[in-house]
Amino acid sequence: MISRTRNYDLHLVIVLMSLAAAMICSFGVGSALLADAGEISLDMLMIRPDTLGDYMNSPLAVVFNLSLLAGGSCLLLAMVAVFHTYQDGLSRYLAMVGGIVGASIILMGVFPINFLDIHRKVSTLYLFSSIVLHCVCVLDYFKPGSTMSKRMLAFTIMALLSGGLLLLLLDWNLLDFPECSVYMPQYCGVSLAMWSLTQANILWCVCLSFHMMKTIKAQQKVVYKWLENY
């Protein structure tokens, strides 16, 4: 009974922290993007997400960077809970890589684009850890008792495609990406891939939260049946 209560508490932490990470990042990124663009349009997608943390040029850079700090911390706590909830090696490896993703998000909030050299290294860590995380998610989906749902798998594939594109575009000497073409600014592959990866990770966190809610409900049914029989 104590073990079931402990698992219930850990699942609840995963639900709350993963959902909080998604909501905080969505609010911070969305607010900074809207303030920078001035209006809602498709042209917003041509603004690179990392430029929203520029204290010199972005109106809500403080909000953006603080949201990365808070959202990354929530994701890190969620992954700690995942690590202690699931005992198999693959789930724990997923939790560790997810923790690195959370830590890299925190560091991007601490070192925005104004600290260019450090920011490039940290953002590259975020890119690599995100890709590794979603590779592990694919493996986890096909194991018995997976922590992955079909919706999570869909966003995982989305993240792998956008992350793979960013790897192809990455300048390994600078650890940065090429500027958008001045001749066709409406087609900026870097910005679109960045936004795609960002949204995939946020929605992945939301799906993780909902999936854990279903697990909690299933646990509650087991506990109620146990109490009735007792």
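Trainee: In which helix is Leu 192 found?
Mentor: Leu 192 is found in helix H6. A helix here is a DSSP run (H or I, at least four residues; strands are E, at least two), numbered from the N terminus. This is a predicted model: local features need pLDDT of at least 70, side-chain atom pairs need 80 or more, and totals for chains, interfaces and linings use all residues. Residues are numbered from 1 along each chain as its sequence is written, and side-chain values use heavy atoms, leaving out hydrogens and water.

Trainee: Why is Leu 192 called partly exposed?
Mentor: Set its value against the cut-offs. Buried means under 20% relative accessible area, exposed means over 50%, and partly exposed is in between (1.4 Å probe, protein chains only). Leu 192 has 38%, so it counts as partly exposed.

Trainee: How do you know that Lys 143 is buried?
Mentor: Its relative accessible area is 16%. That is under 20%, so Lys 143 is buried. Lys 143 is found in the loop between helix H4 (116–141) and H5.

Trainee: What makes Lys 143 and Asp 88 a polar contact?
Mentor: A polar contact is a pair of N or O atoms within 3.5 Å; within protein, one must be able to donate a hydrogen and the other to accept it, and residues adjacent in sequence count only if both atoms are side-chain atoms. The side chains of Lys 143 and Asp 88 make such a contact at 2.5 Å. The side chain of Lys 143 also has a polar contact of 2.5 Å with that of Ser 91.

Trainee: Why are Phe 111 and Phe 115 called edge-to-face?
Mentor: Rings of Phe, Tyr and Trp (its six-membered ring) pair if their centres lie within 6.5 Å; planes under 30 degrees apart are stacked, over 60 edge-to-face, the rest tilted. By this rule there are 3 aromatic pairs. Phe 111 and Phe 115 are 6.0 Å apart, centre to centre, with 85° between the planes. So they pair, edge-to-face.

Trainee: What makes Tyr 141 and Phe 142 edge-to-face?
Mentor: Their centres are 5.2 Å apart and their planes stand at 90°, so the pair is edge-to-face.

Trainee: Is Phe 142 buried or exposed?
Mentor: Phe 142 has 63%. That is over 50%, so Phe 142 is exposed. Tyr 141, at 22%, counts as partly exposed.

Trainee: How do you know that Arg 92 lies over the face of Phe 83?
Mentor: A charge sits over a ring if NZ of Lys or CZ of Arg is within 6 Å of the ring centre and within 35 degrees of the ring normal. Arg 92 lies over the face of Phe 83, at 4.4 Å from the ring centre.
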